[in-house]
Each structure stands twice: as structure tokens, then as C-alpha cells.
Amino acid sequence: MTAIKWFRKNNKKLLAVFGVLLMVGFLIPSFTGMGNQSRFDGVAGYIIGQDGQEVEISLVQIQRRDVQLRVMRELGLNVLCQFDGQNPPLLCQLPTMGGVGPFPVLATSLLFFGDNQYALGVRYFLQSQAMNWAKDRQEYERYLEYVNELTASEASRGSLYFLLLADEAHRQGIYATDKQIDQVFEAYRQLVAGRRIRPHNIQQVLRNSRMSEAELKQVVGDYLAVVRYGDMVTRQLTVSEPQLRKKIRDQVEQKNVGGTYISFPANMFRDKIDEPSEEELQKHFEKYKQYRPDEIDKEKNPFGFGYLLPDRVQVEYLKVDLSEVKKVIAEEFAQFPAGEQEEALQQYWAVHKQQFRVPLPESEIDPCDTEAPRYRDPAFDEVYDKVKQACQQQQSREKGQMLLAQARETTQKQAAAMKSEKKDENNSDKSEEVPAEKRVDYEALAEKLSTDKIKVVFGKTVYVSRQDLPRELLLDATYKMRNETAQQSLLEILFTCKPLHKGTVSRLDVPPIQLYEDITSLTAFDYRNRATLVYMMRIVGVDPEREADSLADDGRAGTASEEPLSESRMRTRVEDDWQNQQAYSKAKKQAEEFAQNSEVDWKKVLEEANVALKDPCAPPEMKPLREQTLETTRQHIEWLTETARKYPERSRRFLPQIARNTTLLFKSMELAQEQRAEQDKTTVNKNEQPEATRAILELPSQLNCMVFKDLQAASPNKNEYLRRKPLATEEILRETQPLLTLVHYNPNNILKRSSFRENMPAEESTK
């Protein structure tokens with residue numbers, strides 16, 4: 001009670017002391033200068049205003065923009081801005097938006113809404129597009145930098161970019177109209193009605209964010225202004241008259257270029273080529289060893305020869321074959337009583353019913369009834385065998401994964417012991433490469449975990465590249481799994497490992513794996529998407545891209561300092577390419593002779609050439625040379641394209657043929673243009689028809705030469721040019737807009753255009 005009486009007696013003095021301490025706590029930062037220099041003073045940064053003076057950007061402004069973007073994302077308005085690589089965003093399709101291009105909408109959705117999965121998909125799409133934009137390797141790599149900077153921009157900075165871009169658009173007088181804003185909300189309501197966006201209580205979302213409907217409309221208006229201004233800037237390319245004429249001429253002539261031709265492929269003369277000498281092979285190898293395979297240089301490497309070795313890795317692995325495990329599971333299952341077997345399968349079926357659904361025939365589905373089911377759930381007895389197979393497949397996979405989990409536990413214990421030992425010795429917790437003598441022995445671990453019926457197989461590969469994988473390991477069909485879902489391709493893990501990784505790791509990238517780090521939860525699938533193998537793996541060697549040291553160095557043995565393999569694939573490739581080049585020279589010479597001799601009588605010379613080139617062992621009806629037409633080539637392209645569209649799973653087979661035939665049409669068009677220009681120079685009187693000459697088309701990249709009898713390509717007349725001019729202008733702008741979009745919406749360029757200067761403490765700014 002004495003203490004209580006003392007507190008009651010001195011409570012005023014205690015309050016006074018507490019107040020003084022509180023004041024001192026607030027005043028100390030001011031006396032030391034910390035209060036004025038801290039980011040907590042409410043200023044995030046400065047931009048240059050229209051009068052040339054610095055204007056403060058407050059933290060409150062950025063925080064409010066962050067709330068506004070969060071509300072748009074929560075309501076699902078960002079769905080209107082998403083681009084799937086084929087169909088333009090719905091925002092571009094609104095009539096009042098005036099045909100806004102898809103790429104400004106794509107860029108803003110990346111900057112503002114920060115969806116990692118969406119950004120990753122767009123990154124892959126833009127990277128594939130960059131291959132079409134670039135003229136050479138350096139230009140392609142520069143475009144990749146722009147793509148990565150846009151797609152990997154920090155989501156936390158989206159509110160700042162929104163603030164700066166909206167201010168930039170408004171300074172140029174770009175604002176959204178009420179009609180445009182209303183049309184966005186109408187499109188949004190249609191998406192909600194069609195269940196493409198989850199319905200929300202808009203009023204409740206606005207109340208939670210302390211936002212009014214008027215402010216939400218203003219936010220949408222600001223976003224539309226950013227998109228419209230970006231579209232206007234990225235379309236401000238001046239299209240010249242010569243550029244348009246060339247574009248339209250190429251479009252028309254490539255479509256109607258025609259002619260009859262004879263092919264002289266190099267493989268027709270391969271059997272006439274002698275074996276190369278060692279000196280010839282070495283000379284050929286030295287000439288092209290700095291090129292990547294299929295890297296064409298028009299002047300120095302028209303054939304696309306290349307012997308630069310790609311990135312390679314060497315791995316050790318533990319493997320469990322699930323077909324063996326499944327046999328053991330089936331034997332154990334057969335020993336259960338029939339009742340227990342059926343009960344276990346019933347339980348599996350109850351959980352995985354969707355896996356066994358049967359699609360209904362088209363005749364039983366009403367196309368007008370969108371709510372009608374498109375499938376039926378079969379009875380258990382109907383799918384008994386399928387359920388049994390699927391259940392045992394899952395159990396075998398779990399069994400294999402359990403064996404490798406034991407291996408992983410062993411390696412983790414070893415790593416923890418090493419870490420503790422190193423910390424005790426050096427009083428440091430630095431992660432360094434584990435010495436070879438202290439690493440877990442995978443081979444010994446495989447023997448320890450194997451049983452009489454289930455073997456854990458140890459293996460070690462030679463150095464392998466993406467293009468040169470051991471087929472039996474299914475590395476290109478192996479994925480790191482998480483929650484029964486393919487999380488990442490094994491090839492991406494292997495060939496972006498720490499020794500090979502270039503650049504920084506963004507929010508979209510998985511941190512690269514290190515040497516000797518265990519890669520677990522790996523499952524390989526067959527062509528029917530069935531799990532066949534489970535792995536545990538680690539990289540034990542890396543050989544980055546380099547020039548081959550010699551004809552005996554094909555990279556499979558690692559760096560050139562190591563002993564090469566006895567059988568070199570490099571020598572075989574170089575020898576084959578040398579013979580192809582010599583055969584092409586013979587084919588070219590034969591084509592030139594045919595072109596010269598056939599000036600007077602094409603048919604007679606063709607018959608004589610077939611007699612001279614005839615293989616005595618071939619059937620009488622087989623002729624080495626036959627007439628072909630560009631019209632047939634064009635029809636073949638159309639057929640291949642349509643077939644690929646109908647059967648997308650086979651489309652990869654047709655792409656090389658489509659590319660070759662398209663190249664033939666394009667090169668034929670260029671040759672016709674060159675021939676016409678040459679004739680115009682040599683013909684004095686343009687009214688006279690010049691004598692026809694045989695045109696020779698050289699395609700060294702395809703190891704083929706063609707002799708044309710009547711190559712011709714009709715140029716567009718004045719009316720055709722005027723008719724196509726608006727469409728060609730729009731096409732040129734559309735082709736160029738993606739590149740200009742990458743530049744305009746580049747995060748660094750946004751900050752530079754506004755002259756944004758971030759507010760920071762004095763000690764940081766002096767650094």
C-alpha cells in the first residue's frame with residue numbers, strides 16, 4: 001500500500017517527467033538534421049514542372065495511386081487490358097478507343113498490375129517476336145534487354161509510373177471522354193455477366209478503399225489517357241513514299257511471282273565428291289568455328305555452317321523407373337482380398353472423378369444451351385480398369401518419390417553438418433562449394449536405397465547441351481513438380497544455373513541453381529503425359545559457350561584441357577559440311593551450264609541432262625531433273641499452313657517446310673526484281689522487248705540451285721498502289737509500334753522523361 005500511496009502523491013510529477021521525455025524524443029531528430037533529410041518528411045521525389053521548376057511528388061500521391069490500381073485489380077478491370085498473344089485486349093476493341101494498338105495496353109498492364117504469371121507469359125511472347133524484329137544477334141540481344149526491363153519492372157513502382165505517365169498525358173492535352181469511360185464500364189458489366197470476371201460488391205470495395213464512384217471513373221479516365229497518349233506517340237513514325245512503294249511492290253510481287261524452274265540440289269552430286277584431306281578439313285573448321293550453327297552471314301557464311309559449342313552441363317543423378325515400381329505395387333495389390341481392393345479403388349475414384357469424365361457426342365449437345373453439360377460422369381464399374389491403372393500409377397510415383405526423399409534427407413544432413421563445422425572453424429556462415437571428398441556419394445547412396453525389387457539407379461552424363469540430350473533420360477520432358485503441378489522445366493534449371501546465368505534475377509525468375517546443389521522433385525513424362533521416371537539430380541560440371549579447340553573437341557568431354565572422347569562428332573560434322581559445300585559447287589556449275597545451253601531449246605537440253613545424270617540402277621520412269629512451278633510451291637505452303645492449323649500437335653513438323661518454301665518465293669521475287677532492273681539498264685528502247693535470259697537462283701543455305709525458264713513478277717499499277725497505300729501504311733506502323741512501345745514504356749525512360757529525382761537522405765545523396 002505504501003507504493004500505491006507514493007504513486008498517488010507524485011502522479012503529477014511523473015506525468016511531467018514523461019511529457020519532457022516525449023518532447024525530447026520528438027525534438028532530437030530535428031536537432032540532428034534527421035527530420036529534414038528522412039523519407040518520412042512526406043516527399044517521395046521531384047519532377048520538372050511546365051515552368052521548368054522542380055515540383056514535389058508526395059508519398060500521399062503515390063500511395064493514393066497505389067490504392068487506385070489495387071481497386072481496379074480487385075474489381076477485375078485489368079482483365080480488359082490483358083493480351084493473350086493472339087487476340088488484342090478487349091480495351092482495344094471498344095469503338096470509342098479509335099483502334100488503339102494492343103502493345104500500349106499490354107505495356108501498361110505490365111507496369112501497373114504486376115501479375116507475375118501474366119508478365120512471364122508476355123515475356124516469352126515478346127522474346128519470340130524480337131527474333132522477327134532483329135537484323136542480327138547484337139540487335140536481338142538489345143531488344144531482349146528492353147523486353148526484360150519492361151516485363152520484370154517492380155510491381156511496387158507501378159503507382160509511381162501511373163502518376164508520371166498520367167501527368168505526361170495530361171500535359172499534352174490527352175484526357176478521356178465520358179463516353180469512353182462509360183463504354184469501359186459497360187464492357188466490364190458484360191464480362192461480369194458472362195462470368196469472365198468474378199462479381200464484386202463495387203460499393204463495398206469502394207468503401208473499404210475510401211474511394212467514391214466519381215474517383216473511380218477519374219482513375220479509369222487517367223488510365224485511358226495514358227494508353228491513348230502512348231498509342232499516339234508510338235504511331236508517330238513518318239512513313240516515306242519510297243518505303244511505301246517498296247512495301248506494296250514486295251507484297252504484290254511475292255504473291256504473284258511465277259515461273260517454271262529446275263532444281264539442282266547438292267545431294268545429287270554427293271557421290272561424286274572425294275574424301276577430304278586433313279588439311280582441307282582443318283581449313284574448313286578454322287573458317288567457320290566462330291559461328292553458331294545456322295548463323296547465316298550473307299558475305300562470309302551463306303551456308304550457315306557453324307561449330308561454336310553451346311553451353312553444356314554435366315549432371316549426376318539418382319533415377320527410379322516407375323514401370324518397375326508399378327509391377328511391385330500391382331503384385332502387392334493382388335494379394336489383398338477382393339473387398340479391400342474394391343474399397344481402395346472406390347476411395348480413389350471418389351476423389352478423382354473428374355479424371356474419368358466422358359465427353360458427350362456432339363449430336364447430344366444443344367449448341368444454343370451454354371449451360372448444358374458437355375460431359376458425363378461414368379459409373380465406377382464402367383471405368384474400373386482405368387481407375388485401377390491410374391491408382392497404381394499414382395502409388396508407384398509416390399513410392400519412387402519416397403525413396404528419393406530419403407536420399408534428399410541424407411544430403412541435407414550432410415550439408416547441415418558441413419555448415420555447422422565451417423561455422424565453428426571460421427566463425428562465419430559463408431556458403432562455399434563443398435569439397436569433393438566431403439560431398440555425399442550419389443553412387444553409394446543408390447546402392448544403400450535400392451531393394452531387391454526396386455532399384456535406385458545412379459548415373460553420370462557426359463557434358464550435354466540443349467540440342468544434344470541423351471534420349472533415354474527424357475531430360476527435355478522432365479519438370480520440377482510442386483503440388484502435383486509442373487513448376488519449371490529441368491532444361492531451364494540446368495541451362496540457367498549460376499555459372500551460366502547472365503544478368504540479374506528479377507521477380508519473374510527463379511534463383512539459379514548452384515554447382516552440386518540437389519535438384520529434387522523431378523518427374524519425367526512420356527508422350528501421353530504419363531509419369532515414367534523420378535529423379536534427383538545435381539550439376540557437377542559446366543562448360544560455357546566457346547570455340548572448339550580442335551576437330552577432336554566436340555564439347556562432350558568438357559573444356560578443351562580435358563582428354564577428348566575417342567569418337568568426335570565434330571569431325572563428322574565438319575567432314576559432312578565440307579562435302580556438302582563441294583557438292584553445292586558442282587550443282588552450281590551444272591546449273592550454270594544448263595542455263596547457258598537451254599537458251600535456245602529448253603526441252604531438248606533437259607532431256608539430254610536427264611540422260612547424262614541418270615543413275616543406271618534407278619527405274620526407267622525416275623528422272624533426276626523435273627520441271628516445277630512457283631505456283632505449286634505457293635499451293636504447297638497453303639496446304640501445309642492449313643494442315644498445321646487443323647492438327648496443332650503436328651505443326652512443328654511442317655514449320656521447316658513452310659519456312660523453306662516461303663524463302664524460295666521471297667528470293668525468287670528479289671531475283672525477278674534484280675533481273676528487271678538489269679534489263680532496264682541494258683535496254684535502250686524501252687518499247688522493245690528484251691531477250692529472255694535464264695535466271696539462276698542460288699540458295700546456299702538450302703544447298704540448292706534453281707534455273708528458271710520464265711521467271712516473272714508483275715508490279716502493281718497505279719490504281720493497285722493507291723488501293724493498298726492506307727493498308728500498307730497501317731501495316732508498317734503496326735510492325736514498328738511494338739519496338740517504339742518498348743522504348744516509350746521502358747521504366748528508366750519514364751523516369752528520364754519526367755526528370756524524376758528521388759528524395760533521399762543527405763548521406764545517401766553524397767555517396
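**Notebook: aromatic rings and charges over them**

I looked up Arg538 and found that Arg538 lies over the face of Tyr442, 3.9 Å from the ring centre. I counted a charge as over a ring if NZ of Lys or CZ of Arg is within 6 Å of the ring centre and within 35 degrees of the ring normal. I also noted Arg245, whose charged end sits over the ring of Tyr721 at 4.6 Å from its centre.

The model is predicted, so I took local features only at pLDDT of at least 70 and side-chain atom pairs only at pLDDT 80 or more, while totals for chains, interfaces and linings use all residues. Residues are numbered from 1 along each chain as its sequence is written, and side-chain values use heavy atoms, without hydrogens and water.

Next I turned to ring pairs. I found 18 aromatic pairs in the structure (rings of Phe, Tyr and Trp, the last by its six-membered ring, with centres within 6.5 Å; planes under 30 degrees apart are stacked, over 60 edge-to-face, the rest tilted). Tyr288 and Tyr291 make a tilted pair, at 6.5 Å centre to centre and 45° between the planes.

I then checked burial (buried is under 20% relative accessible area, exposed over 50%, partly exposed in between, with a 1.4 Å probe and protein chains only). Tyr288 is buried at 1%, and Tyr291 is buried at 10%. Phe333 is buried at 6%, whereas Phe336 is partly exposed at 42%.

Last, I noted one aromatic cluster formed by Tyr288, Tyr291, Phe303, Phe305 and Tyr584.
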